[in-house]
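Please read it with the structure in view.

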Amino acid sequence: MAETPLAFEIATFVVLALFFVVDLFIIGRKPHVPSTKECVRHIAFFIVMALIFGGLIWAFAGSKPAIEFYSGWLTEYSLSIDNLFVFVIIMSNFAVPKQIQKYVLSVGITFALIFRGVFILIGSALISRFTWVFFIFGAFLIYTAIKLVVGDDDDDEYKENGVIRMLRKVVRISDEYDGEKLRTTRDGVRYWTPMMIVFLAIGTTDVMFAFDSIPAIFGLTKDPFIVFTSNVFALLGLQQLYFLLGALLDKLVYLPAGLSVVLGFIGVKLVLEALHENSLPFINGGQPVAWAPEIPTWVSLAVIVVAIGGAALLSVMKMRQLDAASKGAKEVKGAKEA
């Protein structure tokens, strides 16, 4: 059930559509590697826009949906940063030239928006009819959180899925890129370029991302409008974030731990909510479980801010500690050689 006025929602979709057209298909199509200054400027702009948008929701619909938006946006943004690990690996494995990586990211983000939109519609339809689906969402998020903690995650090494491996056997694919083209001609023979495989790899990976992100956001709000806008603002500026953090992603050592806390918390919240609204006959005779508490939205926001902010702060401290140790080792080595 939407908590915001219809006119506000329509205006929001129009503005977000303009943002995406400019970000992905005008700025994003320029074949260049963005500078650090350009990346920071774009990221700062979209962060400020998200903060302002949350304030507008507060003004038009009240504090509760606004806090839900901020909680969802922070969660999705954090997940998007973690997902950049996989984008970096895909770009590296398929040797995508730096000059066209912005274009590839534009297509990948468009895929992500489409897939998440579909998952949001499906998820919204499910939870409006079957509250027990929160048990499934919650269990999946808790499982994902445990995987992040124990390090049993596939982000460290990208592996081609079965669809891509099968495609390589039945389709002619050239060894080299031809700019942004999907098809090229070599010695009179038509080939698909590796760009097609890259798009397919990113597209199928985006589907897996949606399995993490959509249950997480539905654990914070049931409003499809807030769910969708949280995802959109998390995806805006992701291109620039990719280039800005590309060399630093491996140094955000505590980000997985912070994400595991967030996902685990939301997973438990979903299970408690499912118990609170229980209708399954084999649990408490099909009656709601009275002892299951409802966790306020502001508590969710506080947990997310502390977990992600703490992970980022600890990562920076760790990075500085390692840099200082490395510098000290070099000075000692230089002194010995002298």
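A residue counts as buried when its relative accessible area is under 20%. By that cut-off Phe53 is buried, because its relative accessible area is 6%. The model discussed here is predicted. The chain has 338 residues, of which 46% count as buried.

**Overall architecture**

- The secondary structure of the chain consists of 11 helices and 2 strands.
- Along the sequence, these elements follow the pattern α-α-α-α-α-α-β-β-α-α-α-α-α.
- Helix α9, which spans residues 238-245, is mostly covered, with 7 of its 8 residues buried.
- The buried residues of α9 are Leu238, Gln239, Gln240, Leu241, Tyr242, Phe243 and Leu245.

**Helix packing: α5 with α10**

- Helix α5 (residues 133-150) and helix α10 (residues 255-276) have axes that come within 7 Å and cross at roughly 160°.
- Angles over 145 degrees count as roughly antiparallel, and α5 is therefore roughly antiparallel to α10.
- The crossing in which α5 passes α10 is left-handed.
- Sorted by class, the residues in the contact of α5 with α10 are 18 nonpolar, 5 polar and 1 charged.

**Helix packing: α2 with α8**

- Helix α2 covers residues 36-61, and helix α8 covers residues 224-235.
- The axes of α2 and α8 lie 10 Å apart, and the two helices pack at an angle of about 160°.
- The helices α2 and α8 are therefore roughly antiparallel to each other.
- Here, too, the crossing has a stated hand: α2 passes α8 in a left-handed crossing.

**Aromatic pairs**

- The structure contains 13 aromatic pairs.
- One of these pairs is formed by Phe8 and Phe53, which are stacked, with 5.7 Å centre to centre and 15° between the planes.
- This pair links distant parts of the chain, since Phe8 belongs to helix α1 (residues 6-27) and Phe53 to helix α2, 45 residues apart.
- Phe8 counts as buried at 10% relative accessibility, and Phe53 is buried at 6%.
- The pair of Tyr103 and Phe199 is edge-to-face, because the ring centres are 5.9 Å apart and the planes stand at 70°.
- Tyr103 in helix α4 (residues 101-129) and Phe199 in helix α7 (residues 194-218) are 96 residues apart, and their pair also links distant parts of the chain.
- Tyr103 is buried, with a relative accessible area of 15%, and Phe199 is buried, with a relative accessible area of 10%.

**An aromatic cluster and other contacts**

- Phe8, Phe13, Phe53, Phe60, Phe69, Tyr70, Phe225, Phe228 and Phe233 form one aromatic cluster.
- Leu16 lies in helix α1 and counts as buried, at 6% relative accessibility.
- The charged end of Arg183 sits over the ring of Trp192, at 4.6 Å from the ring centre.

Key: Residues are numbered from 1 along each chain as its sequence is written. This is a predicted model: local features need pLDDT of at least 70, side-chain atom pairs count only at pLDDT 80 or more; totals for chains, interfaces and linings use all residues. Side-chain values use heavy atoms; hydrogens and water are left out. Axes are lines fitted to C-alpha atoms, for helices over the stretch in contact, and angles run from 0 to 180 degrees between N-to-C directions. Helices (H or I, at least four residues) and strands (E, at least two) are DSSP runs, numbered from the N terminus. Angles under 35 degrees count as roughly parallel, over 145 as roughly antiparallel, 65 to 115 as roughly perpendicular and the rest as oblique. A crossing is left-handed if the near helix is turned anticlockwise from the far one by less than a right angle, and right-handed if clockwise. Ala, Val, Leu, Ile, Met, Phe, Trp, Tyr, Cys and Pro count as nonpolar, Asp, Glu, Lys and Arg as charged, and the others, Gly among them, as polar. Rings of Phe, Tyr and Trp (its six-membered ring) pair if their centres lie within 6.5 Å; planes under 30 degrees apart count as stacked, over 60 as edge-to-face and the rest as tilted. Buried means under 20% relative accessible area, exposed over 50%, partly exposed in between (1.4 Å probe, protein chains only). A charge sits over a ring if NZ of Lys or CZ of Arg is within 6 Å of the ring centre and within 35 degrees of the ring normal.
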